[in-house]
Amino acid sequence: MTEQPIERPILMELQENNQPRQHWVIENDDVTVGRGDEADVIISRRQISREHVRIFKQGDTFHIEDLESKNGTWLNGHQIKGQHKLSDGDEIHLALAARLQYIGSGSTVPLPFDPPETIGGKMRLDRDSRRVFVGDEELEPPLSPPQYRLLELLYINSGSVCSREAVVDTVWPDTHGGEGVSEQAIDALVRRLRDRLSELDDEHQYIVTMRGHGFRLVNPL
């Protein structure tokens, strides 16, 4: 478990047992969170609006603003409207479908992961254009939407294990708790994505299956 000063704020999605599902380093001073591709931080839950909240820096502190979301935003158990200041450890509920914890810069709370200074490695994603590169070579034709959503989930959590539940929530957000998505469908998607990445680099397996746990991206420098 890591305990060190955090240089940039972090949003950490928590599961029911308070264990992290995934996390995002807030690299910019103004980001949006939602389920749509236009959001900076994408959380694929159908109850969450396409652009649900905005997190932005004002002076020396960060604030959260509900963007007139359809199903609402809660901060520490209270539904919010408009802008509110964020403090270390605040809990944010988006439509009661995702539970996030805000960890502010300068915090030294113990974290169950090593927050990367940057996302780097031989493979990189241009998340604005949804393009994938290995070295200087671009993967063509582009990945299918399910393949890209899976790769992006693993990429932003590089080195950490993403559970099968997180994969289902991200790749098939419109299913009801993963209803109708079989283990075979998940494994088939992972195989297809591995095959596509091998078109540019057949010497390294980027996606590792962690038996009984999920999947992890290994992105060499």
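Author: With handedness. A crossing of two helices is right-handed if the near helix is turned clockwise from the far one by less than a right angle, and left-handed if anticlockwise. Keep in mind that this model is predicted.

Reader: Which hand does the crossing of H1 and H2 have?

Author: The crossing of H1 and H2 is right-handed.

Reader: How do I describe such a pair further?

Author: Two packed helices are described by the angle between their axes and the distance between the axes. Here, helix H1 covers residues 145-156 and helix H2 residues 164-171. Their axes come within 9 Å and cross at roughly 135°. Angles over 145 degrees would count as roughly antiparallel. So H1 is oblique to H2.

Reader: Which residues of H1 and H2 meet?

Author: From H1, take Pro146, Arg149, Leu150 and Leu153. They meet Ala166, Val167, Thr170 and Val171 of H2. By class, this contact has 6 nonpolar residues, 1 polar and 1 charged.

Reader: Which strands pair with E11?

Author: Strand E1, residues 10-14, pairs with E11 in the antiparallel sense over 5 bridges. There, Glu13 has Leu100 as its bridge partner. Strand E10, residues 91-94, also pairs antiparallel with E11, over 4 bridges. His93 stands opposite Arg99 of E11.

Reader: What lies between E10 and E11?

Author: The two strands form a hairpin with 3 residues between them. Check Ala95 in this hairpin: Ala95 takes a positive phi near 55°.

Methods
Residues are numbered from 1 along each chain as its sequence is written. This is a predicted model: local features need pLDDT of at least 70, side-chain atom pairs count only at pLDDT 80 or more; totals for chains, interfaces and linings use all residues. Side-chain values use heavy atoms; hydrogens and water are left out. Two strands pair if DSSP finds at least two bridges between them. Axes are lines fitted to C-alpha atoms, for helices over the stretch in contact, and angles run from 0 to 180 degrees between N-to-C directions. Angles under 35 degrees count as roughly parallel, over 145 as roughly antiparallel, 65 to 115 as roughly perpendicular and the rest as oblique. Contact means heavy atoms within 4.5 Å. Ala, Val, Leu, Ile, Met, Phe, Trp, Tyr, Cys and Pro count as nonpolar, Asp, Glu, Lys and Arg as charged, and the others, Gly among them, as polar.
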